Amino acid sequence: MSTQQLPVVVIGAGPVGLAAAAHLVGRGIEPLVLEAGEQAGAAVREWSHVRLFSTWGELVDPAAEKLLAPTGWTRPDPATYPSGGDWAERYLRPLADALGDTVRTGAAVTGVSRAGRDRIVDAGREDQPFVVHVEYAGGREERVLARAVIDASGTWTAPGPAGGSGLPALGEKAAADRITYRVPDLKNPAVRARYAGKRTAVIGSGASAFTALAYLAELAESEDGTGTHAVWVLRRGISGSTFGGGTADQLPARGALGLAAKAAVEDGHADAVTGFRTEAFERDADGRLVLVGEDGRRLDPVDEVIALTGFRPDLSFLSEIRLTLDERLQAPVELAPLIDPNQHSCGTVYPHGHRELSHPEQGIYLAGMKSYGRAPTFLAMTGYEQVRSIAAAIAGDLDSADRVELTLPETGVCGGAGLFDTPDAQQAQGGGCCAAPEPQLVQLAAPAAVGAAAEDASAGGCCGS
């Protein structure tokens, strides 16, 4: 069999992985989508309770919509903001169904290489197909040959640790029963009971931390949440940009979330602790957690910890592939300068394609959130443009692959605030990206530690998760 007759393996059946498959089908190329979860959109379903910043109009890939059209699928109102659950159930599930047997679930990729070549061997390397090792839910293993590989597996399974040095804090593993690395679903009675009336530390300064603070404040004001209190642990100091940066913030949605976090502090539902980099977790006599900072500070005991310090890519199964990754972001070297969170927000990341995503190992691409490494500025629209370009390149249509077919306004397209549950609230927000309430600068009594003004890489995320 010629290498060109082999399928293109797509790792991950999330929004970008399924979009990649749709674009490949549109090019007459057979995809094989391998999803470790039990169903398509498995990661999205884990944050089903969180509302996205982007509207439906920004969350449906054009090639996917074309594939869905013959099935009778109806596109949701493009001006509204779905939750993760809406996105998974109303778009990802029908798209996976339309792709049929090309999507395999319960199929975890454990390794990618060149057939008969480890990463050391040069001779005949590019003439060999890719070999993808797959382990299925029942334990069966398979070896799949592919003409190309698109890794759209995301970063959801590798959250950042609570430790302030990028490594887990001392005692973090032992405290796992009291720590979560996701925004909790406080509408779930069992989860709600875990936090109701408790003192919870929220570590992080991005959109997810804002969301968690707002949820906890709402719980504190409810009948069953008396005594609920949050301790907001920031690695940096309080500045004008902490809550979105006012008119300078190119993410109005983040500004709206920032206002919710600001209100949580001002209303007494949360205390802000600044310049605190967690070095260790200890237990008090009652088993509660005491956070110890690198500077020796010890916080009052907490019952629970929500660590929201960003995500990072799992590169372990790509160890036999030759990749060139930026040493800081772990993103492709040509892409890294375009997405550096120190310089860019969602709206200032320029659309890019196969050339920025290529590696010395021709035919393999990291796409979607996986391509962004540790940068949090990813948008679904950007991922869709990535895979459109990649599919065109694989098909040999370089004219199309090199042509940018997406323009993001500099003000960003993250229009929703992530907290709205009712159409009325969405209407008050407005459908455009500039309609969010303008965040105001804020002064808090909490002292900022010396040297704490450095920005956290976790700030500025766009997906509300």
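Modeller: Let's start with helix α1 (residues 15-26) and helix α9 (residues 380-394): their axes come within 9 Å and cross at roughly 35 degrees. An axis here is a line fitted to C-alpha atoms, for helices over the stretch in contact, with angles running from 0 to 180 degrees between N-to-C directions. Helices (H or I, at least four residues) and strands (E, at least two) are DSSP runs, numbered from the N terminus. The α1 and α9 crossing is right-handed, the term for a near helix turned clockwise from the far one by less than a right angle, with left-handed for anticlockwise. On the α1 side, the contact is made by Pro-15, Val-16, Ala-19, Ala-20, His-23 and Leu-24; α9 brings Gly-383, Tyr-384, Val-387, Arg-388, Ala-391 and Ile-394. Contact means heavy atoms within 4.5 Å. By class, that gives nine nonpolar, two polar and one charged residues. The nonpolar set is Ala, Val, Leu, Ile, Met, Phe, Trp, Tyr, Cys and Pro, the charged one is Asp, Glu, Lys and Arg, and the others, Gly among them, are polar.

Keep in mind that this is a predicted model, where local features need pLDDT of at least 70 and side-chain atom pairs count only at pLDDT 80 or more, while totals for chains, interfaces and linings use all residues. Residues are numbered from 1 along each chain as its sequence is written, and side-chain values use heavy atoms, with hydrogens and water left out.

Helix α1 also packs against helix α4 (residues 84-99), with axes within 10 Å and a crossing of roughly 35 degrees. This one is left-handed. Pro-15, Leu-18, Ala-21, Ala-22 and Val-25 of α1 meet Trp-87, Leu-92, Leu-95, Ala-96 and Leu-99 of α4. The tally there is ten nonpolar, no polar and no charged. Pro-15 turns up in the α9 contact and in the α4 one.

Now go back along the chain from α9. Ser-371 sits in the loop between β15 (364-366) and α9. Ser-371 counts as buried because its relative accessibility is 0%; buried means under 20% relative accessible area, exposed over 50%, and partly exposed in between (1.4 Å probe, protein chains only). The Ser-371 side chain makes a polar contact with the side chain of Gln-386 at 3.1 Å. For a polar contact I take a pair of N or O atoms within 3.5 Å; within protein, one must be able to donate a hydrogen and the other to accept it, and residues adjacent in sequence count only if both atoms are side-chain atoms. Skipping residues up to four places away in sequence, Ser-371 touches Ala-331, Pro-332, Leu-335, Ile-339, Leu-357, Leu-366 and Gln-386.

Gln-330 lies in the loop between β14 (304-307) and α8 (336-339), and it counts as partly exposed because its relative accessibility is 23%.

As for the whole chain, there are eleven helices and 15 strands, and 58% of the 465 residues count as buried. Among contacts between residues at least 6 apart in sequence, 72% join residues at least 24 apart.
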